Amino acid sequence: MCVVYALEGLPRRSRGLAGLWASLRRHLLAYPRLSAADALVCPTHALSVRLIARLGLRTRRRVRVIPNGVGPVFRRHTEEEILVARRAWLVPRRYVIMAGRSDFVDELAVPLRALGGNEETSSATCVVVGDARLPDALRQTVRACHLEGMVRFIDAAAITSEALSALYDGAVATFEPARGSDYRPSILRSLACGTPVICAATPANRELGGNATLRVHPTDPAEWARAFVSLTLSAPLRERLAAAGAAWVAERTWGAAARGTFALAQELARRP
């Protein structure tokens, strides 16, 4: 019998615990059904390379890339829907949005420094959607950048997908500062909502967003600030990115991911 083991992302080493990579590898090796899987499925080639190296796999054929999709709840919204979401979550009219977790503080701090270090960007509130520990983790960065009152934290566990989609749609831009190869849903979600994305220039983000995003140096706040100013000043740039994003996400649905998974299952079933 063929077994397909799907992986959306892989965790980091953190906080003095035994390495999560090592535990995942032991988990795979300890259970015959998983270690004998015919294929491991992940959403990007960048993650597949990391997966192969970390798990010590002997053949690349065992790892297949099937891009993740974006759910239909992430879409364009009416002005009224955006206004309702903004009022419900106390979000001002002009804002950027960023998703993250408390263990990615270094990445999240870079665009915050961009907002705090440039007069043309400092008037935009940054809405950060993440876990409940995130405000404490970023408090020092917010103070250092003089952004008190300009950063709005929203607990990702408390907001509905519909409200989050409306907030993505209403944002001036989405920041995606992640530098690793793990999957980041905010890129596809934003593009589906017609919102321009500024992201770290990494292989994984290039795969996820194609030419529909603005990619900048991951650790240079000045580049983040320049990209954001370009978006706010250039209507043609925003229109080009919105059109490119709509075309990009049209091919990246969960239906397409399901068809890719079914095709892989058929291929495996035909093997002797």
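**Helix H7 and its surroundings**

Modeller: The buried residues of H7 pack against helix H4 (79-88), S4, S5, S6, S7 and helix H8 (185-192), where contact means heavy atoms within 4.5 Å. Helices (H or I, at least four residues) and strands (E, at least two) are DSSP runs, numbered from the N terminus. This is a predicted model, in which local features need pLDDT of at least 70 and side-chain atom pairs count only at pLDDT 80 or more, while totals for chains, interfaces and linings use all residues. Residues are numbered from 1 along each chain as its sequence is written, and side-chain values use heavy atoms, with hydrogens and water left out.

Helix H7 spans residues 161-170 and is largely enclosed by the rest of the structure, because 7 of its 10 residues are buried. Buried means under 20% relative accessible area, exposed over 50%, and partly exposed in between (1.4 Å probe, protein chains only). The buried residues of H7 are Ala163, Leu164, Ser165, Ala166, Leu167, Tyr168 and Asp169.

The strands that H7 packs against, S4, S5, S6 and S7, belong to an open sheet of 6 strands in the order S6-S5-S4-S7-S8-S9, with parallel pairing. Two strands pair if DSSP finds at least two bridges between them. At the edges are S6 (151-155) and S9 (213-216), each pairing on one side only. From one strand to the next the twist averages 25°.

S5 (residues 125-130) is joined to S6 by 5 bridges in the parallel sense, and Cys126 has Val151 of S6 as its bridge partner. Helix H6 (residues 134-144) packs on the sheet, touching S5 and S6, and its direction makes about 170° with that of S6. Axes are lines fitted to C-alpha atoms, for helices over the stretch in contact, and angles run from 0 to 180 degrees between N-to-C directions. Cys126 counts as buried because its relative accessibility is 1%.

H8, which H7 also packs against, has a further helical partner. H8 and helix H11 (residues 235-250) pack at about 115°, with their axes 8 Å apart. Leu188, Leu191 and Ala192 of H8 meet Gly245, Ala246, Trp248 and Val249 of H11. These contact residues divide into 6 nonpolar, 1 polar and no charged, where Ala, Val, Leu, Ile, Met, Phe, Trp, Tyr, Cys and Pro count as nonpolar, Asp, Glu, Lys and Arg as charged, and the others, Gly among them, as polar.
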